[in-house]
Amino acid sequence: MDTIYKPLKAPFPWFGGKSRAAELIWQRFGKVANYVEPFAGSLAVLLQRPGTLSTETVNDLDGLLVNFWRAVRAEPEVVAMHADWPVAELDLHARHAVLVESRAALTAQLQADPNFYDAVLAGWWVWGACAWIGSGWCSGKGPWQRVETAEGLRLVNVSGNAGKGINRQLPHLGDAGKGINRQLPHLGDAGKGEWLSILAGRLRNVRVACGDWQRVTGPSVTTKHGLTAMLLDPPYDEGSAENDVYGVAHSSVAADVRAWALENGTNPLLRIALCSYGDTPPLPGWTREKWQARKGYQKADADGASNADREVIDFSPHCLKPAQRGLFDFIPLSDATQQ
C-alpha cells in the first residue's frame, strides 16, 4: 500500500513563503509523477502535498538553507539537539556571525557532494531563524564581524569594510524567553526532536540539490520522469528579500525564469506554476489566480497596500483548470492522513 502523508508545516518562518497558496497550487497540479522546485525556500508547498509520494527534487542556491534540509533528512536528532537552546541575544549574534562566515565554504561543499551536510550549523541556523525578527537572517549585510583582538575573538563594528557581516538586534522574546517557540513545537520538552524526525521521514526520498535554478529544469530531472509539476518561485523583480544569494539583480533572475516558463509552458508533460506580483504581465495562454500572503513584517507601499495583496500565480496551459478541481486523482488536503 502506498503511504499517504499528512500535510506538514515548515519548521521556520520564511520571507515570501507560499504556505497559504499551497492548496491552490496542488489543486491546479493534481496528481503527477514528478515534482520539481528550483527555489526551495521553506518547502511549504512540497510539505503540504496531498496524496502519495512520487519523484521529488528541490534546489536552492542558499547553502545554509540547503544544509538544513539535508541535515534534517539525515540526522534530525542531531539538528534538534543543536537547535534546542534558549533565546539569548549574545548567542544569537555569535552564531549569526559564524554562519555568515561559513556560508561560502559550506555552499561549495554542498555543491560538490550531494550527500554532504553539517548538522551543527543546521541546528544553529534554524534556531536563529526562529529567534530572528523579520527578514535579514544570515543575509551577510551588516557591519559587525568577528575579529581577532589581543583579548581574543570579538564582534567589532567595521562599517565601510568590504567584507560581509551581520546586524545586531534583539531576538524574538515571546513566551517569556523560554527558547524556540515559533514553528518548532516539540523542542525543549519531552518530545524533543519529534517534529524534525517527522520532517526527516517526509524528506527521506527527496533529492536536495544546491546550485543555480536551471540545473534542475532539464529533461533528466523533469519530463523523463513522466508528468511533472514545477513550482517557480524566484526572487521577485523588486528584490524585497535582503538575502540575495544570486549576487545579481533580482529582475535578472525573475526575467530568466519567466522566459524559461514561456518557452516550456506548452509541453504537455509539464504543469508549471509561476509566482510573481500582479503588476507583471500575464503569460499568453496561461491562467492567473490571485491569493493573499501573510502580511507578517511586510511594509505597506505609498498607497498603503501591502505586498501580501499583490501576490499572483500564473498556471501553464496543461495545469488542471479551476472547473477540474476535485477530480478523482486529487486528494483534498483535509482528507490526507498519515499511515
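1. Let's start with serine 276, which you'll find in strand 7. Is serine 276 buried or exposed? Its relative accessible area is 10%, and buried means under 20%, so serine 276 counts as buried. Keep in mind as you look around that this is a predicted model.

2. Who sits around serine 276? Leaving aside neighbours within four places in sequence, serine 276 is in contact with Tyr236, Arg288, Arg310, Glu311, Val312 and Asp314. Have a look at isoleucine 313 too: 37 residues separate it from serine 276 along the chain, yet their C-alpha atoms are 6.3 Å apart.

3. Now try proline 268, in the loop between helix 8 (250-264) and strand 7. Here the relative accessible area is 54%, and exposed means over 50%, so proline 268 is exposed. Beyond its neighbours within four places in sequence, proline 268 is in contact with Leu227 and His318. Serine 316 is 48 residues away from proline 268 in sequence, with 9.7 Å from C-alpha to C-alpha.

4. Next, helix 1. Why is helix 1 described as largely enclosed by the rest of the structure? Because seven of its eight residues (the helix spans 22-29) are buried. Those buried residues are Ala22, Leu24, Ile25, Trp26, Gln27, Arg28 and Phe29. Their cover includes helix 2 (44-47) and strand 1 (34-37), along with strand 6 (228-232), strand 7 (270-277), strand 8 (287-290) and strand 9 (311-315). Strand 7 is the one that holds serine 276.

5. On the helix 5 side the contact uses Asp91, Leu92, Arg95, Val98, Leu99, Ser102 and Leu106, while helix 6 brings Leu121, Trp124, Trp125, Trp127, Gly128 and Ala131.

6. The other pair is helix 4 (residues 76-83) with helix 7 (residues 194-203): their axes come within 9 Å and cross at roughly 145°. This crossing is right-handed. Pro76, Glu77, Val79 and Ala80 of helix 4 meet Leu196, Ser197 and Ala200 of helix 7.

7. Zooming out, the protein chain has eight helices and nine strands. Of its 339 residues, 48% count as buried. Taking contacts between residues at least 6 apart in sequence, 74% join residues at least 24 apart. The accessible surface of the chain is about 15400 Å², and carbon and sulfur atoms account for 53% of it.

8. How far can you trust the picture? The chain averages a pLDDT of 82, and 77% of the residues score at least 70. Strand 6 has the highest confidence, at 98, while strand 4 (residues 152-157) has the lowest, at a mean of 76.

9. Two stretches call for some caution. Over residues 297-305 pLDDT stays under 50, and the model has ten contacts beyond four places in sequence there. Residues 327-339 also stay under 50, with 25 such contacts in the model.

Key:
Residues are numbered from 1 along each chain as its sequence is written. This is a predicted model: local features need pLDDT of at least 70, side-chain atom pairs count only at pLDDT 80 or more; totals for chains, interfaces and linings use all residues. Side-chain values use heavy atoms; hydrogens and water are left out. Buried means under 20% relative accessible area, exposed over 50%, partly exposed in between (1.4 Å probe, protein chains only). Helices (H or I, at least four residues) and strands (E, at least two) are DSSP runs, numbered from the N terminus. Contact means heavy atoms within 4.5 Å. pLDDT is the predictor's confidence in each residue, from 0 to 100. Accessible areas come from the Shrake-Rupley method with a 1.4 Å probe; for residues, only the protein chains shown count as cover. Axes are lines fitted to C-alpha atoms, for helices over the stretch in contact, and angles run from 0 to 180 degrees between N-to-C directions. A crossing is left-handed if the near helix is turned anticlockwise from the far one by less than a right angle, and right-handed if clockwise.
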